Each structure stands twice: as structure tokens, then as C-alpha cells.
Amino acid sequence: DVAFMIGPLEESYAWSKQKPMAEIIFLLRIDKESLNSEKRNLKELRKIIDTNKETRGLSFELVDWWDRKRFFNKNSKKPGPNFQYKVVDEGKFDYQQMFKSSLAMIAGGKVLITDRLHSSILAFLMHKPHVFVDQSYGKIGKTREVAFEVSEACEDREQMKYEEAQSIEEAVLIAYKMLKDEKFWII
């Protein structure tokens, strides 16, 4: 996927309304590509989290791309990471604002759980602890497999701060372990 061409990014709260609001941020699909659409609601996610005594009480946000404005401080004068050369505005669409608001949303939680390809790529580029749950035809896993063939470092899940899960329940357990493991928080 060409999104990998953006290159490494620094996680930043420069454009966020506040630092991470939740321990887990779920950025999940709601369409036919999702294998977990029946679990994509606040009540079901709370039940999944609270069923396990280790994960009980973890804070979370459930979002999708249209929720970016909830996290984005468009009036921020903070410079944040310099990536203007990475994302160029074309025509009337403000790609810079879209990109900054996407980064602000992903920064809204300590660990990201996602079944969306581009959020998993942004988290990867940011070295953001994340767990991906593949969607119906394995797009995330297949894309990563092709992209990572060129770099052994990209396959180092610990260094790159990611894991794959087969279910939302497993993803929550992995996210919990990431939250408790200080190697994920050494910068």
C-alpha cells in the first residue's frame, strides 16, 4: 500500500485536544469487510473488556474515521512533527488537516485495536502500540506481508510495537499486556 511511503512518523499530541483519553482506542469497521461488526458497539466492547478480570475496567473509545474531529484541535499553533513534504495538498481538499486529525485520533488512546488497513499503517509508522484484527479477506495481513518483505526490522513485532489477533477478545488481552509491559513505552 502506498501509505507506507509516508515513512516514519513521530507520535504527537500537538494537534490533540488532550493527551490519551483512553487506554484502548478501537478503530473498527462497520461494513461487510468486518468480521466483528456485531461487536462494534459500546455495550459489547464493555462486556468483552469486563468479562476478564485482568482487563476489567479498562477505559476505551470506539471510533471510526468520521470521529477525527472529536480529537483534533484545529486551533493548535503547536508545530508538531514536520511532514509537509510527506502529504501534499492537491486542489481544494485539505490533506494536512485530514492527516493531522487522523494522527490526533490515533493518539487518543494508549493502544490501538483496529481492523482497518490505513489506521494499522499509520500506527505502524508512528510506532504506536497496536493490535490488528484482520478483516474478511485478509487485507491487513497480506498488505503487511508484501510490505515487510523488504525489511526484516518491520517484522520485529516488539520493536515496531504491534501484534495480530484473531478476535476482538484476543486483541483486548494483547492490548492489556502491551499496557502493562514497559518496553512498549520506552521512547
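Let me start with a contact between two helices. Phe-99, Ser-102, Leu-103 and Ile-106 in H2 meet Ser-119, Leu-122 and Met-126 in H3. By residue type, this contact of H2 with H3 has 5 nonpolar and 2 polar residues, and no charged ones. Keep in mind that this is a predicted model.

How do we describe such a pair? Two packed helices are described by the angle between their axes and the distance between the axes. Here helix H2 covers residues 95–106 and helix H3 covers residues 117–126; their axes come within 11 Å and cross at roughly 80°. Angles of 65 to 115 degrees count as roughly perpendicular, and H2 and H3 are therefore roughly perpendicular to each other.

Now the sheet. In what order do the strands lie in the open sheet? The order is E2-E1-E3-E4-E5, 5 strands with parallel pairing. At the edges are strand E2, residues 60–63, and strand E5, residues 162–165, each of which pairs on one side only. From one strand to the next, the twist averages 20°.

Take one pairing in detail. Strand E1, residues 22–27, pairs with E2 in the parallel sense, over 4 bridges. Which residue in E2 is the bridge partner of Ile-25? That is Glu-61.

Helix H4, residues 139–148, lies across strand E4, residues 130–133, and E5, and H4 runs at about 120° to E4. Helix H6, residues 168–180, lies across E1, strand E3 (109–114), E4 and E5. The direction of H6 is at about 155° to E5. Angles over 145 degrees count as roughly antiparallel.

How values were computed. Residues are numbered from 1 along each chain as its sequence is written. This is a predicted model: local features need pLDDT of at least 70, side-chain atom pairs count only at pLDDT 80 or more; totals for chains, interfaces and linings use all residues. Side-chain values use heavy atoms; hydrogens and water are left out. Axes are lines fitted to C-alpha atoms, for helices over the stretch in contact, and angles run from 0 to 180 degrees between N-to-C directions. Angles under 35 degrees count as roughly parallel, over 145 as roughly antiparallel, 65 to 115 as roughly perpendicular and the rest as oblique. Contact means heavy atoms within 4.5 Å. Ala, Val, Leu, Ile, Met, Phe, Trp, Tyr, Cys and Pro count as nonpolar, Asp, Glu, Lys and Arg as charged, and the others, Gly among them, as polar. Two strands pair if DSSP finds at least two bridges between them.
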